[in-house]
Amino acid sequence: MSDQHLCVSSMHVAKIQCYHLKAVVITGMGFFTDAYDLFCISLVTKLLGRIYYHVEGSTRPGSLPPNVSAAVNGVALCGTLAGQLFFGWLGDKLGRKRVYGVTLILMVVSSIGSALSFGSSPTAVVVTLCFFRFWLGFGIGGDYPLSATIMAEYSSTTTRGAFIAAVFAMQGFGILSGGAVAILISHIFRSVFPAPAYSVDPLASTPAEADYVWRIILILGALPAVLTYYWRMTLPETPRYTALVAKDQKKACQDMSKVLQVDIQNDSTISVEERNEKSFGLFSSQFLKRHGFHLLGTAAAWFFVDVAYYSQNLFQKDIFSAVGWLPAAKTMSALDELFKIGRAQFLIALCGTVPGYWFTVALIDRIGRFKIQTAGFFFMTVFMFSLALPYHHWTAAGNHTGFVVMYGLTFFFANFGPNATTFIVPAEIFPARFRSTCHGISAAAGKAGAIVGAFGFLYAAQSQDKTKTDAGYPAGIGMKNSLMVLGVINLFGLLFTFLVPESKGKSLEEMSRENEVDDPSARV
């Protein structure tokens, strides 16, 4: 057996080492930052509206105009999409390790820059905030393909799914930390700088010190990334990339020896024929023959789940108000509103979102990716239709409990389902030399779905009665019809799952057909 295959085979049966657990934390920090930022920005935009868009004499607190809100929330998603494609490609060209530190630096610098947005006028603050949030998203986007690929290439066959899922589950800790920080900072400031409700005194309800609150919340998102920077820089290149792509078997064996704490000898060389054996290119006819439907399946499933997942925050204000967690905005000061929304979102995440992540970690290598993804899409479809068809029943007095339960279960089955598996599978089924690129393409498709879900449905879910729409929005198709459309979207995600093979219990090389000789006549 060549040492190339010896190194790779050693990974198949490797026992869990302390190194693996450290790698989960190191590679998961990007997802921690991603979730922290996404959680906090909804709170920040409400505070920005009160601070910079107050309308004298209005009966309602200031809020961001629709185009400004879309820009502040959407620019990071656009940056993430671009970063997934760029760093996914770069990770295959230069190696995972060589570009891994760049994504973390971007996240740290951009988080700090977002908090220090220049100027005091609304335009200056929003423009600089959007600038830094784009680059924050760009760095976060790079972490998707790189973190998934690194964890997949370091894991054994029997624990690979759980380790990759654990990296993604760091989002749960990011959400909870974001909630905890928002609650803590708002509590401190409203204790030190008490303010009346908006209905009592519109101007005094937003103290000048509130401008520090959103900046502190955003800048603290950089802290975990800073703390793990050194460890990310000491992370060795994955032996699979070194052996199978860079063709440096000696270095791969050395790195494997350090990671697994065993001696792997480098006692043979790879022939020129073996070096050139697997030479078909990305999107060549041979690639499309082997992996075309797989890439379509991973990209489409990720697109559809993110449309549904990112649209779910549209219901939060109705749910929070219905169960009494969130009074009318005018009855609260700016910091009261921040505290109460942060607390409500924290509870939703704690009870519905986070458990789903860890159910996936615990069961994915037992149940398998395919079953979890199909069951997740199935139950998301069922709950969406169950919310949509009797929508007016759920919104009537006395029926809110059932609505909240099904809303929480939809989040649970998204995370114990396609939201997790669409991240895991693209890191397992493609050849090493295309693995990061294909994961980046799949992730970018998902982020395109997130943009559709977050903004397309923000407009679509508006009431069909123009007099009942949110300020600045045109009439839409209504919440009930939007839920129906989301149910159909989940059904499409379920169908595209059947294009993706099951990878449970199989090596990366078996799934990617890495050791098969390609057909020279099919090369393009």
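Modeller: A helix here is a DSSP run of H or I with at least four residues, and helices are numbered from the N terminus. The model we are looking at is a predicted one.

Colleague: Thanks! Why is I150 called buried?

Modeller: Buried means under 20% relative accessible area. I150 has 2% relative accessibility, so I150 counts as buried.

Colleague: Which residues is I150 in contact with, leaving aside its neighbours within four places in sequence?

Modeller: They are T27, R96, Y100, L235 and T238. Contact means heavy atoms within 4.5 Å. As for S436, the C-alpha atoms of I150 and S436 are 9.0 Å apart, while 286 residues separate the two along the chain.

Colleague: Which residues of helix 5 and helix 19 meet?

Modeller: From helix 5 come Y144, P145, L146, A148, T149 and E153; from helix 19 come A432, R435, S436, H439, G440, A443 and K447. By class, this contact has six nonpolar, four polar and three charged residues.

Colleague: Helix 2 also packs against a partner, helix 8. What angle do they make?

Modeller: Helix 2 (residues 18-52) and helix 8 (residues 223-234) pack at about 140 degrees, with axes 10 Å apart. Helix 2 passes helix 8 in a left-handed crossing. The residues of helix 2 that meet helix 8 include T27, which is also one of the contacts of I150. On the helix 8 side are P224, A225, T228, W231 and R232.

Colleague: Now helix 15. How do you know that its length is close to the expected one?

Modeller: Helix 15 has 20 residues, and 28 Å is expected at 1.5 Å a residue. From its first C-alpha to its last, helix 15 reaches 28 Å. Its buried residues include I372, F377, M380 and F383.

Colleague: And what does the whole protein look like in numbers: how many helices and strands are there?

Modeller: There are 21 helices and zero strands. Buried residues make up 59% of the 524 residues.

Note on methods
Residues numbered from 1 in each chain as written. Predicted model: local features only at pLDDT ≥ 70, side-chain atom pairs only at ≥ 80, totals over all residues. Heavy atoms only, no water. Helix = DSSP H or I, 4+ residues; strand = E, 2+ residues; numbered from the N terminus. Nonpolar A, V, L, I, M, F, W, Y, C, P; charged D, E, K, R; others polar. Expected span 1.5 Å × (residues − 1). Buried < 20%, exposed > 50% of the residue type's maximum accessible area, 1.4 Å probe, protein only. Axes fitted to C-alpha atoms, helices over the stretch in contact; angles between N-to-C directions. Left-handed = near helix turned anticlockwise from the far one by under 90°.
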